[in-house]
Amino acid sequence: MSYTSAFTQIASGIKNQIADIDSSLSSMKKLVEDIRRRLELPDCRNNILIVTHQILQANTHARKMLKRANIDLDKSVDDLRNALFAQSLEEPQTTFKTREVYNIIRRQYFALKKKHEDLFADKFHLQRQIISPQRAIFMAKNIFAHGNFKRLRENFRRYKKDEQRLAQKSLTYSQEEKQFQTRDWSLFPRSTFLQQQYYLTKQRILLELERSRLNQIKVSLQNKQAELDSLCHQPNATKKINEIAIGILRKNLRFVRQLEKVDKRDKELFEKMNHVKEQMTALEKRVTHDKINTCYRVTCSNKLSNNKAASLIADAILFDPQAVQLVARSDGNNLEMEKDWELMSEVDKDELIRKKIIREL
């Protein structure tokens with residue numbers, strides 16, 4: 001067999017396969033169009049949305065856990081960063097310039113502010129976990145009624161949404177009807193008038209049918225509500241519901257205890273944060289008045305960390321009597337730091353005045 005005949009045979013076979021594929025595509029075209037048309041139908045689209053929602057709901061717990069893990073990771077990174085920064089400051093200083101004191105106090109404030117924000121987030125999370133007595137009673141009734149109260153509430157919610165949609169449609173219909181009545185139809189063909197009249201008549205009939213349907217649903221829901229309330233008001237039922245509610249509240253008590261602890265810590269932290277804020281405000285003013293070489297030191301014999309020393313100096317600048325007597329200041333012109341007159345207690349001031357009077361005598 002020559003190369004030419006072989007090529008002709010292969011090309012013929014390929015053309016036959018292409019023709020078969022084109023034929024298959026042509027036969028499938030109608031099927032694909034039917035599927036696409038079916039997917040565009042409102043019911044089908046709603047079913048797709050429902051299935052999509054179910055798939056997403058199945059991953060709700062995983063998403064919550066991932067979000068919580070991300071929050072914990074961010075918090076751990078912040079704690080590590082603060083710890084590394086604090087470690088870098090652990091080299092004890094004997095003297096502090098005013099700007100250094102301000103920077104340390106400022107970092108303390110924002111660290112406390114971050115902790116306060118974290119505690120606030122914890123409080124919000126715990127508050128959502130706490131069950132009120134009213135909610136516990138509802139949960140107990142729902143358990144006693146085998147979930148019928150929850151289903152009834154969902155049906156009421158669905159009824160309210162349908163009622164709101166009907167009200168909006170009724171408003172739109174009223175506006176269209178008003179425009180129809182005020183329009184000069186002599187300017188339009190008779191067919192346009194009849195078509196609009198038919199449309200409004202159809203809309204009115206549909207609205208009346210929907211109103212009738214919702215009225216029936218409302219009566220049915222009210223009857224179901226009365227039936228469940230009557231069931232729960234029986235003597236044996238009331239006792240059982242109270243027992244269930246007490247059990248729910250007992251299990252929920254751990255969240256109440258956790259919230260009390262977090263709330264107490266947050267109040268203490270908030271008071272401390274406000275005090276540090278006052279220190280920072282006083283230091284902002286002091287930075288603008290002190291000379292560049294002005295230094296402070298704590299005169300007590302106990303070795304303090306830089307944070308504690310800075311806090312004590314800030315309290316002295318706030319004229320705290322105890323802190324004033326433990327802080328010395330130098331303007332940088334002499335080696336020894338004497339207590340600054342502005343930071344002394346009233347007793348120290350009186351003592352210096354008395355000594356000065358005695359010297360003058």
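**Terms and their grounds**

Me: Why are α5 and α8 called oblique to each other?

Reply: In this predicted model, local features need pLDDT of at least 70, side-chain atom pairs count only at pLDDT 80 or more, and totals for chains, interfaces and linings use all residues. Residues are numbered from 1 along each chain as its sequence is written, and side-chain values use heavy atoms, without hydrogens and water. Helix α5 (residues 133-144) and helix α8 (residues 235-289) pack at about 125°, their axes 8 Å apart. Angles under 35 degrees count as roughly parallel, over 145 as roughly antiparallel, 65 to 115 as roughly perpendicular and the rest as oblique; α5 and α8 are therefore oblique.

Me: Which residues of α5 and α8 meet?

Reply: With contact meaning heavy atoms within 4.5 Å, the α5 residues include Ile137, Met139 and Phe144, and those of α8 include Ile241, Ile244 and Leu249. The residues of this contact divide into 13 nonpolar, one polar and two charged. Here Ala, Val, Leu, Ile, Met, Phe, Trp, Tyr, Cys and Pro count as nonpolar, Asp, Glu, Lys and Arg as charged, and the others, Gly among them, as polar.

Me: What makes Cys232 and Cys295 buried or exposed?

Reply: Buried means under 20% relative accessible area, exposed over 50%, and partly exposed in between (1.4 Å probe, protein chains only). Cys232 has 5% and is therefore buried; Cys295, at 15%, is buried.

Me: How many disulfides are counted?

Reply: A disulfide is a pair of cysteine sulfur atoms within 2.5 Å, and by this rule the count is zero.

Conventions. Axes are lines fitted to C-alpha atoms, for helices over the stretch in contact, and angles run from 0 to 180 degrees between N-to-C directions. Helices (H or I, at least four residues) and strands (E, at least two) are DSSP runs, numbered from the N terminus.
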